[in-house]
Amino acid sequence: MAHREPVFPASRHALYEEHGYSAAIRSGDMLFVSGQVGSRADGTPEPDFAAQVQLAFDNLAATLAAAGCTFDDLIDVTTYHTDPENQFSTIMQVKKSIFPHPPYPNWTAVGVTWLAGFDFEIKVIARIPTHQI
């Protein structure tokens, strides 16, 4: 059985404890990151959609950094959207700022009806750089 090591960003422990899950799990050279949302420090949703998407990526960056990873280490990305048709252009603007050139990670976008008060969520799998293992 593979060893599982929980990974948490520096400032978000209470949120994960309250809901009973890890921000990410490190297993070997892989990092499996739970869905990250645009939550403020107190756990509430950022009401402005563009800011919520950016904050979700910021929260993801903090979780990746806690494992010694960056966006360059992403392999698989899944995003969840409550109104994909109307949200897509905003999401693409943020995505292009984070991934300005190839190689891009593979990406699956899923339309959903509920995200616990949020409108966007991002879940990823990353390969941990060899100097971090």
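1. F32 is a handy place to start: F32 stands opposite I125 in strand 6. That pairing belongs to the contact between strand 3 and strand 6, which run antiparallel over six bridges. Keep in mind throughout that this is a predicted model.

2. As for burial, strand 3 is largely enclosed by the rest of the structure, because seven of its eight residues are buried.

3. Zooming out to the sheet: the six strands form an open sheet with mixed pairing, in the order 1-2-3-6-4-5. Strand 1 (5–7) and strand 5 are the edge strands, each pairing on one side only. From one strand to the next, the twist averages 15°. As a reminder on the pairing itself, strands of a sheet pair through backbone hydrogen bonds, either parallel or antiparallel.

4. For a parallel example, take strand 4 (residues 74–81) and strand 5, which pair in that sense over six bridges. Within this pair, T78 stands opposite T108 in strand 5. Helix 3 lies across strand 4, strand 5 and strand 6 (120–127), and its direction makes an angle of about 145° with strand 4.

5. Now helix 2, residues 49–66. The buried residues of helix 2 are F49, Q52, V53, A56, F57, N59, L60, T63 and L64. These residues cover an arc of only 160° around the axis, which puts them on the same side of helix 2. After helix 2 comes G68, with a positive phi near 80°.

6. On charges, the structure holds two salt bridges. In one of them, the side chains of D29 and R127 meet at 2.6 Å, N to O. D29 sits in the loop between strand 2 (24–27) and strand 3 (30–37) while R127 is in strand 6, so the pair ties together parts that are 98 residues apart in sequence.

7. Which side of the burial cut-off does E46 fall on, buried or exposed? E46 counts as buried, because its relative accessibility is 17% and the cut-off for buried is under 20%. R40, with a relative accessible area of 36%, is partly exposed.

8. Two backbone details deserve a look in the viewer. For context, most residues other than glycine have a negative phi, and most peptide bonds are trans. Here, a cis peptide bond joins P102 and P103, with omega about 0°. P103 is found in the loop between helix 3 and strand 5. The other detail is A116, a residue other than glycine whose phi is positive, near 55°. A116 is in the loop between strand 5 and strand 6, and it is partly exposed, with a relative accessible area of 46%.

9. Finally, Y104. It lies in the loop between helix 3 (84–98) and strand 5 (106–111). At 48% relative accessibility, Y104 counts as partly exposed, since the exposed class starts over 50%.

Key:
Residues are numbered from 1 along each chain as its sequence is written. This is a predicted model: local features need pLDDT of at least 70, side-chain atom pairs count only at pLDDT 80 or more; totals for chains, interfaces and linings use all residues. Side-chain values use heavy atoms; hydrogens and water are left out. Buried means under 20% relative accessible area, exposed over 50%, partly exposed in between (1.4 Å probe, protein chains only). Helices (H or I, at least four residues) and strands (E, at least two) are DSSP runs, numbered from the N terminus. The arc is that of the directions from the helix axis to the C-beta atoms. Two strands pair if DSSP finds at least two bridges between them. Axes are lines fitted to C-alpha atoms, for helices over the stretch in contact, and angles run from 0 to 180 degrees between N-to-C directions. Contact means heavy atoms within 4.5 Å. A salt bridge is a side-chain nitrogen of Lys or Arg within 4 Å of a carboxyl oxygen of Asp or Glu.
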